[in-house]
Amino acid sequence: MLHRGRENTDGTGDGELTVPMAWLYAEYIADELLRSGDLMPPTSFEFRAGRDALALTVFLSDTDGELSGIRVVTQLETWLSLTAYDQPWQEWVQGRLRDLAGDGRDARDPDLELAGEAWRWLRETELLAPDLNAVPGGGAAAGEDEGPKVWTPAWQLGLPLGHLAIHLF
């Protein structure tokens, strides 16, 4: 994180570094969930998409500002329901980011900035993925690299990956 020059971790304004602890902790939780599931190599773009989608879910679902290690297990069901296939996750993320920005938070809140950057990357980045709707005859293609591919927004790949990682945890 860049030196802010205005405030420190408690907002007293003495020019020290502002540390985005809530975002970093949400990202850590997401990373651990994905690594424990061993679904993708940690160096892949798909892993990053899953980590960012899960981190956003963890960060934005923490309405009390109390991300604590002991509560992680109790939050798994909430995160599962938020990342489920039939849920409007994209709209929920946009609404929560808008709400947090409008709650009188400092416009330079480092946690909110990193969450916003993650959301921008997930929205604007497209990854090449198998086109499951175009597989001839409705059957599986012979190999992972065979069959039609389509460019897909990163969040659309990351969200189901994150959901599966939570299930496997």
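## The α1–α2 loop

Asp38 lies in the loop that connects α1 (21-37) with α2 (45-61). The model is predicted. The phi angle of Asp38 is near 50°, a positive value in a residue that is not glycine. Most residues other than glycine have a negative phi. Asp38 counts as exposed because its relative accessibility is 67%, and exposed means over 50%.

## Nonpolar core

The largest nonpolar core contains 36 residues. Within this core, the residues with the most contacts are Leu56, Phe59, Trp79, Trp89, Trp119 and Leu122. At least two core residues come from each of α1, α2, α3 (72-83), α4 (89-102), α5 (110-124) and α6. The most is given by α2, with nine residues. In soluble globular proteins, nonpolar side chains tend to be buried together.

Leaving aside residues up to four places away in sequence, Leu56 is in contact with Trp23, Ser61, Trp89, Trp92, Val93, Ala115, Ala118, Trp119 and Leu122.

## Helix α6

Helix α6 covers residues 154-168. Its 15 residues, at 1.5 Å a residue, should span 21 Å, and the end C-alpha atoms are 21 Å apart, so the two values agree. The buried residues of α6 are Ala154, Trp155, Gly158, Leu159, Leu161, Gly162, His163, Ala165 and Ile166.

## Nonpolar surface patch

On the surface, Leu17, Val19, Met21 and Leu24 make up a nonpolar patch with about 330 Å² of accessible area together. Val19 sits in the segment before α1. With a relative accessible area of 30%, Val19 is partly exposed.

Definitions and conventions: Residues are numbered from 1 along each chain as its sequence is written. This is a predicted model: local features need pLDDT of at least 70, side-chain atom pairs count only at pLDDT 80 or more; totals for chains, interfaces and linings use all residues. Side-chain values use heavy atoms; hydrogens and water are left out. Helices (H or I, at least four residues) and strands (E, at least two) are DSSP runs, numbered from the N terminus. Buried means under 20% relative accessible area, exposed over 50%, partly exposed in between (1.4 Å probe, protein chains only). Patches are made of residues with over 30% relative accessible area and no salt bridge: like charges are joined within 9 Å, nonpolar side chains (Val, Leu, Ile, Met, Phe, Trp, Tyr) within 5 Å. Accessible areas come from the Shrake-Rupley method with a 1.4 Å probe; for residues, only the protein chains shown count as cover. A salt bridge is a side-chain nitrogen of Lys or Arg within 4 Å of a carboxyl oxygen of Asp or Glu. The expected span of a helix is 1.5 Å times one less than its number of residues. A nonpolar core is a set of buried Ala, Val, Leu, Ile, Met, Phe, Trp, Tyr and Cys residues joined through side-chain atoms within 4.5 Å. Contact means heavy atoms within 4.5 Å.
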